[in-house]
Amino acid sequence: MSELPQYPPIDPTTFDLIVIGTGLPESVIAAAASTSGKTVLHLDPNPFYGSHFASLSIPEFNSFLNSNSAPPASQSCPETACPSDDPNLSIINLNCRSLYSDLEISSFSPTLLEECSRKFLLDLAGPRVLFCADKAIDLMLKSEASQYVEFKSIDASFIGDGDGALLAVPDSRAAIFKDKSLSLIQKNQLMRFLKLVEGHLRATAASVGTDVNQSEKGEERETASRISVEDLESPFVDFLTKMKLPAKIKSIVLYAIAMADRDQENKEISKQVLKTKDGVDRLALYQSSIGRFANASGPFIYPIYGQGELPQAFCRRAAVKGCIYVSSVEINPNLEFQSSGNYKGVKLASGQELFSNKLLLDPAFTKSSPTSSPDDSLCARFDFLTAQNVKSKVVKGICITKSSLKPDVPNLLVLYPPQSLYPEQSTTVRVLQIGGNSAICPMGMFVIYLSASCEDVAEGKKLLNRAMSALLSFPDCSESSSIASDENVSHPVGAEEGKPTLLWSALYAQELQTTGQSDCIASSPTPDGDLDYNSVFHATLELFQTMYPDTDLFPATNPSDEHSGENAES
Amino acid sequence: MHGRPRKPLKPVDEAAVAAKAEKLRALQSEFLSNHQNKIYSKEAVELSAKLLEINPELYTAWNYRKLAVQQNLAQCESDPESVNSILDEELKVVENALRQNFKSYGAWHHRKWVLEKGHSSMDKELGLLDKFQAMDARNFHAWNYRRFVAALMKRSDEDELEHTQNMIDKNLSNYSAWHNRSNFLSRNCSVLLSNLMKKAAPGFTSKDEVLTREYELVREALFTDEDDQSGWFYHLWLLDQTVRSEFPLLVSSWPVEGSDISLPAADYLDGCASMNVFHYSSRNFPLVLYFNQSVRGVNSSTVSVSCGFNLNIDLIWKPLSSTDSQSAKVWATHLAIPDAELHSSEAYQVEVKVGFSQGIVSTTGVAYSHPSQISFQLHLQKTPLESGQDSRFGRIQWKDDCFAVYEPGSAEPDLVNLLDNLTIKNEVESTASTWQARIIDDETNIFRDLLDCKIGKLTVARLLTAYNSLRPLDKPVHCKEVLELYSELMKLDPSHYQYYKDNHSLVLLQQVTSSKESLLSRCFHYRDSTLSTNGSPLCLRLNNLAISQLGSFEKLLWVQMLDLSNNELQSIEGLEALQLLSQLCLSNNKFRSFTALESLRYLKSLKVLDISQNEIGSHSIDTTRYLFRSPLSHSVGSCDWNINYLSSETYWEAFFVLKDMGLTQLDVAGNAITSKSFNVFLEKLLPTLKWLDGVEVN
C-alpha cells in the first residue's frame, strides 16, 4: 500500500475503546476510560504526544504546521474507495484534514535561532494558562495526573493600550490599593463591585448550605447582598452599567477578569454576550484562584516544559492503568461497519483491522467526499465528521525575543480589550509571555503567544500585528529573511527604545470545532479560543459522560490527593 | 492567625493530651527541684530547654535560664567563644519556644534579655521576624520585638517606614503596620518640628510634606476598602497631627481683654445681692487663663499681674484638673482686693502678662513662646441695697416663666462688648495654620466623593470640624452640614450612637457659642417675684438641646448662671473652667453618679445647684469610678472622713464631691439615691444650705 516500513501488527486487536490522537481531550478520556477498567488503544500519527495541544521545538513546529496547512484536497488518499473484502461490511474512508491555515513565519535572526532551535517548546494551543481554581486543576488532582506536571506562576497581568503602555490589572484588594492608574473613586467603585459579587457568592453558597463557616458571619447583611435573578439573566455589561461603573472599570472587569472574548458593548456585532451569572462565575473563579496555592502569586499558573505536558500527563496516567500506546502510526483509518450499520472497527493504513466498541477521533479527521460512500444513510449519521465550513477561527501568533516586555517579570499576561488597539477591534487580543524559567526556551529568551478570535483571517492577523507593534520593535526589514511578508502592515524600522526586539515570529489561523458524536463514534474538540482550559475540560467531561453514562470519572481513591497537587506547585 | 476558626479537639487528641500532660508534670517537678537546689549543670539546663519547648509559658523556667546564663557567663568571662555559644543556645531555645507558641510573652522577653547583652545581629533578628511575620503579619509581639530590635540596632526610620509600607502593600488591613508607621512619624514629626524652629535645615522634608504623603497613602487604603477599619484609625491620628498645635497658646481668659469690672464698694459689700453681669458680690474675684492644651509652670513668676494698687502677696495659680496636679488646660487664681486700697471714684487698670518670662511649657515639652497681655478695668460701684433683705436667700426656680429674653443695648453694654472679645487673637496661630487648612481643605474635597458610606460621612464631618478648629477666630463654617452628617450616622450605625451623639453635641455647642448673636439669643434674665428687675441675674440657657457632651468652655468663662437641664449629659467634665458659676441647673439629664459631677469641686462660687431628675445611684456599678483612684487613696485632702457624722459609707461619692462647697440651695429629688437619710446626710455635709429640694432648711 505504501513504501513506509511495515509496523509490527498491534496485538490484541479488540478493545473497548480506540482513541486516535493524543490531544488533551483524547488523553483525558483515554485515562478516564482506562482508570475505569476499559481496555483502551491510544494511537497517534505524530511522533510526539499532544496533537493540537503539543509543545514543539521550532523545526517540529514548522514541519507540523506546514504539513498540516496543506490544502486538504491533496491529502485524500486514492485508496479511499477501496471496496471491502467482506460484503457484510460497509466502509467510510477518513481523511486527515488540516485545522491550520495561513501560516506565516518570519525569522529575523536565523543564526541565533539555528543554534538553539531545539531548545524551544512552542505551544500549538497557546496562549493558554490555568486558573489555580479551575476544573482542569481539580481533575488533574483527582486523576493523579498532577504528579507528572510542575507549574510556574504567571507573575502579573496587564491591560495594554495601542501605545504599548501596560497597566497592571487591579484584580485584588492589594492590587487595587497599590494601583497608580486608577483614581480614588475608581478604586472605590471597583472594590465595591468586587465585594458585591463576593457577597452574592457567599449568600448563594450559604443558601445552598455548602459553606457553613462563611454563612455564620453576618448573615443578615449577606442575604441582602444577593444579586437579583433578573440581573443575573441580563447581559453582564448591562449589570456593570447599572452598578454605575465607569468605562475603564467595566473594561477591566469584562476583559481582564471575566476574560470576555468579544466586544460586549456592541451587542449587534457580538454574538457571545456574557450573562451576569456567567460573569459572576468567572469573577468567582478568578478570585478563588488567587491564593489557592501558596507559591502562586496570582490566579494563573503555566506548566513547566509547556502546555504539551498536560496531555502527556494524562497519557502517562492512562498507560499506568493499562492503556496501550502506539505513536507515529500511518493511520488514514477506514471505518468499518456491519451491515446493520453498527460500527465495528477501524482499518489502519497498514491494513490491520482493529475492533472496538467505541471510537474517539482527533478533530482533524473528516469523512471523505460523500460520493465515495457506499451507503448514504450511513453517511448522513456521521455528518459531524464532514469538514464543516467553519466560520469562526482563532488567529495565533508566536514571537521570540531576547528581553522581557516588563523588566524582571518573566511570565506575564497582557490583554487588549476590544477597541483598545483601534476602533474596529471587536475581539480581545490575549498575549502571554513565558520566560526561560519555565524551561520552554533558553534562559534569557522569551516566547510571546498571541491570539484573537475572528471571522476573517486577514482581520485577525491585522489585530495581532497591531498588538505586536505596540509591544515589540521589529528589526530592520533588510536584514530579515522573511518568508512571507505582510504588505498591509508597515512595521517601524529599527529597534525602539525599551521594547523587546522580535527575533522570530509565526502567525497562523486555527479552526474552531466542537465535539461531535454519533452512536459509538465521537470526535473530540479542537483547542478553543479561550485563555484557559475550562471550556475544553467541560466539553471533554460531557463527551465522556455521553460515551460512558454509567461510569464515574476518576473515582476518588484516597483523600491525600490534594497534597500531591500542592507539592506539584514549585 | 486571624479569622481562623478554632477546631474542637478530637477524642483521639484528648488521650494524647493526657499523655503529654503526664510527661510535662514529670519534667516540671524535676525542673523545680533543680531550680530550688540551684543546679545549673548542663543536663539540668537542657531539661529546662526541653520543658520550655513544650510549654513556653513557664516563666519560672525562663528565669531559671537567666540565672543559669548569668552563672555560666561569670565562669567564662574571658572566653568570647564560650560566651557566644551560651547566648546562641538561649536564642535557639527561644526560637523553638516561639515555634510552639508565637505569642509567648516569656519567650519574647527572654530574647530581648539576651539581645540586651549585646548578642545576635540585626540581620539575623530581622530575618527571624520576617519568617514570623509571614505567618502572621499583624502579630503585635513580633511588631513590638521589631521596634525593640530596630531601636537597639539603630536601624534607620526610613528603612522601618519602608518595611511598614511593604507590609501594608501586601495587606492593607494591618493595624500593627499602620500603628508602627504612626510611631515613627510622631517621632519624626517632633524632630521635624524642632528643626523647623531652628529655621529648618535646607533639604529636610517639612512636616506638611510628610503629612501630605501620609494622607495620600491612607486615602488609597480608605478608598480601596472603605470597610476596613485599620486605615480609619491612622487617618484619625493624622488629622490629630495636622490640627494639633505644637505651640501652647492662650485661647481665652477671664476677665476678657478690655472689659470693665464693677466691684461693690466696701460699705455695701455684705448687703449687696446683685448678681448682675460683671458685678461682684465679693471682692475676691477669679482670674482664669484658658490654654489650647495642657501646660505646666503657670505661677506668679511666669504670669505677672500689675494693677494700680498694691496686691501685697503673690498670687497662687491652681491647675483646674482632677487628674494632674502639675498641669492643666485651665489655670485660675483669685484676686483679693484689699479694702483700703480702692477709692470708689477711680477706675483701676489691671494688666495680666502671660509668658513674658520663660517657664510655661506644654506637656510635650514645647515652651510657651507667644507672650500675651490682658488688660481690664476695675470699678467700685455703690449699689443701693435691695428692698427685699432676704432676697439673697430666695429660692431660684428653674422654670421657663421665670426667664425673660435678654434685651441687649440698654442695661449692660458691657456684655455685648465682651462677647465680641471672647477669644484671644493669636497671630502665630493664624499664619501657621495656612498649610494645615490647605491640607484639610483638599482632603475634604476628596472625601466628599465617599459621602455615600459610613467612613466617608464620618471623615468629612471630622475634617470640617478640624478645619474650624484651625480658625478659632472665625465663625465656624459648615456646622449645619456636620450636624446633619452626625445625625445621619446616628441612624445609619446605631451601635456607635453615643460616639456620634457626643460629637454632634460638641459641634452644636460650637455653633451656639460661635457668635455674639447666637449667644445673646440664649441669654435670659432671671425674674423672680422676690427680686427687682435691677438685680435680676443673667442666665445662659443651654437647655433642651439634647446634648450628651459639653464643650466650647473657652467661650463660656463669663457665665454665672447656667441652665443645662433637659439634655442627655452623663458628665460635666470641663465645666470647672467656669469659675464664676454660681447657679447651675443640671436637672433631667443622665448623670449616673456623683463622680460624674466631680468638676463641681472646683467651682468655689457655686451657690445654687439642681441635679434633680437624674439617674444618680441607679447603677450599682459606677463605671466612671474606674477612672478614679480608690476612695481612700484619692486626694480627699485633709480628709475628715468622719464616720460619725456620715450616716453611711455609701454616700462617700457625694461626700467627696460636695464637701467644702458653700451651697445654699440644692435639688436632688428624682434620683435613685434620694432618701430621707441621704437628705439628713446632705444637711450635715452642707451647713450653709438654706433650701433642699424646695424645702427650707432650719
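Is Y49(A) buried, partly exposed or exposed? Keep that in mind as we start, and remember that what you are looking at is a predicted model. The answer is partly exposed, because the relative accessible area of Y49(A) is 35%, which falls between the 20% below which a residue counts as buried and the 50% above which it counts as exposed.

Let's stay with Y49(A) for a moment. You'll find Y49(A) in the loop of chain A between β2 (40-44) and β3 (55-56). Leaving aside residues up to four places away in sequence, Y49(A) touches T22(A), A54(A), Q312(A), C315(A) and Y325(A).

Still in chain A, have a look at a pair of helices. Two packed helices are described by the angle between their axes and the distance between the axes. For α1 (residues 24-35) and α16 (residues 534-547) of chain A, the angle is about 40° and the axes are 10 Å apart. That makes α1(A) and α16(A) oblique to each other, and the crossing is right-handed. On the α1(A) side, the residues that meet the partner are L24(A), P25(A), V28(A), I29(A), A32(A) and A33(A). Facing them from α16(A) are V536(A), F537(A), T540(A), L543(A), F544(A) and M547(A). Sort the residues of this contact by class and you get 11 nonpolar, one polar and no charged.

Now over to chain B, which has its own helix α1, covering residues 11-36. With 26 residues, α1(B) reaches 37 Å from its first C-alpha to its last, close to the 38 Å expected at 1.5 Å a residue. Which residues of α1(B) are buried? They are L24(B), L27(B), F31(B) and N34(B). An α-helix has 3.6 residues a turn, so residues three or four places apart point the same way. Among the elements that cover the buried residues of α1(B) are α2 (42-54) and α3 (59-75) of chain B. After α1(B) comes K38(B), with a positive phi near 55°.

Further along chain B, α7 (residues 140-152) and α8 (residues 157-170) pack together at an angle of about 155°, and their axes are 12 Å apart. These two helices are therefore roughly antiparallel to each other. α7(B) makes a right-handed crossing with α8(B). From α7(B), W143(B), R146(B) and A150(B) meet E160(B), H163(B), T164(B) and M167(B) of α8(B). By class, this contact has three nonpolar, two polar and two charged residues.

The last stop is a set of backbone details in the loops of chain B. Between β1 (250-254) and β2 (260-264) sits P255(B), joined to W254(B) by a cis peptide bond with omega of about -5°. Next comes N566(B), in the loop between β13 (561-563) and β14 (583-585). N566(B) isn't a glycine, but its phi is positive, near 55°. With a relative accessible area of 34%, N566(B) is partly exposed. D693(B) also has a positive phi, near 50°, without being a glycine. Look for D693(B) in the loop between β17 (691-692) and β18 (695-696); D693(B) is partly exposed, at 23% relative accessible area.

Methods
Residues are numbered from 1 along each chain as its sequence is written. Chains are lettered from A and ligands numbered from 1 in the order in which they are written. This is a predicted model: local features need pLDDT of at least 70, side-chain atom pairs count only at pLDDT 80 or more; totals for chains, interfaces and linings use all residues. Side-chain values use heavy atoms; hydrogens and water are left out. Helices (H or I, at least four residues) and strands (E, at least two) are DSSP runs, numbered from the N terminus. The expected span of a helix is 1.5 Å times one less than its number of residues. Buried means under 20% relative accessible area, exposed over 50%, partly exposed in between (1.4 Å probe, protein chains only). Contact means heavy atoms within 4.5 Å. Axes are lines fitted to C-alpha atoms, for helices over the stretch in contact, and angles run from 0 to 180 degrees between N-to-C directions. Angles under 35 degrees count as roughly parallel, over 145 as roughly antiparallel, 65 to 115 as roughly perpendicular and the rest as oblique. A crossing is left-handed if the near helix is turned anticlockwise from the far one by less than a right angle, and right-handed if clockwise. Ala, Val, Leu, Ile, Met, Phe, Trp, Tyr, Cys and Pro count as nonpolar, Asp, Glu, Lys and Arg as charged, and the others, Gly among them, as polar.
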